[in-house]
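Please read them with the structure open.

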Amino acid sequence: MEKVIISVKDLVKNYGNFEAVRSISFDVFEGEIFGLLGPNGAGKSTTLEIIETLRSKTSGSVSVDGFDLDKQPDEIKKIIGVQLQTSGFYPGLNLLELISMFSGLYNKKVDAIELLKKVNLEDKAKNKSKELSGGQKQRFSIATTLINNPKIIFLDEPTTGLDPQARRNLWNLIREIRNNGTTVIITTHYMDEAEQLCDRIAIMDKGQIIQLASPDKMIDDLVATGFERPKQVKAANLEDVFIHLTGREMRDE
Ligand code: ADP
């Protein structure tokens, strides 16, 4: 039996007359990687920011690990990790100094080297954030979500702009975090990423959830309608060629 760790019921968010989130309901299970997909403007960020206690809702209810968003937002803040925008990393500070600054915000003491080890950045501890590659910056930003040892982390398009090797490396990191017991909620525009990584996916469009299931089930359901790809699918794609030629190892070290 799955344990529900996030429960969203009839959530509505209006911006003036505009209905950005139109009464959505869904549950996230403990220990899963849950994907929120949808075109730009679908309402994904709004929904996540409400759950993260960063934005007010118009109506509906949200509970996170049994804490009610309206009554116990501070309890929710303590058990979630939200990815900080890499633009917020002061370029002149090194990674140890940044971790010390962020852990001060959480009022938590952390073993910075241990944290950097988790994201394979211990060698960069004394490097300034401006000296990191794109993949390293993203790994560091994932490390910042783990500072308060959260039960749930929220990752907003964590692999956007990365090369295929760096993306695969990040997928492994996200799987490891999940395997260590943390629930992960992720948004992405990469369908291959969602298919590979997510246990279940909610597809949002125009403020509503139009489907919620595992990637496999969604694909099987589509195939069952008689859908066929217009073009014969080849046994490999261009990304396979790229990885085959350039290898899987990281290049951003
Ligand atoms: P997504 O993350 O799926 O791209 P958002 O949640 O950011 O979608 O936005 C959903 C809709 O709400 C969009 O049409 C966006 O323009 C609108 N919106 C988001 N934030 C605001 C705001 N602060 N004021 C007015 N409209 C907003």
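1. Two strands are taken to pair if DSSP finds at least two bridges between them, and strands (E, at least two residues) and helices (H or I, at least four) are DSSP runs numbered from the N terminus. On that basis, strand β4 (residues 59–64) pairs with β5 in the antiparallel sense over 2 bridges, and Val64 stands opposite Phe67 in β5.

2. This is a predicted model, in which local features need pLDDT of at least 70 and side-chain atom pairs count only at pLDDT 80 or more, whereas totals for chains, interfaces and linings use all residues. Residues are numbered from 1 along each chain as its sequence is written, and side-chain values use heavy atoms, with hydrogens and water left out.

3. The open sheet is formed by 4 strands in the order β2-β1-β4-β5, with antiparallel pairing. Because β2 and β5 (67–68) stand at the edges, each with a single partner strand, one side of each is left without a neighbour in the sheet.

4. Among the polar contacts (pairs of N or O atoms within 3.5 Å), an oxygen atom of the ligand is 2.6 Å from an N or O atom in the side chain of Ser45, and an oxygen atom of the ligand is 2.9 Å from one in the side chain of Lys44.

Methods: Polar contact = N/O pair within 3.5 Å; in protein donor to acceptor, adjacent residues only side chain to side chain.
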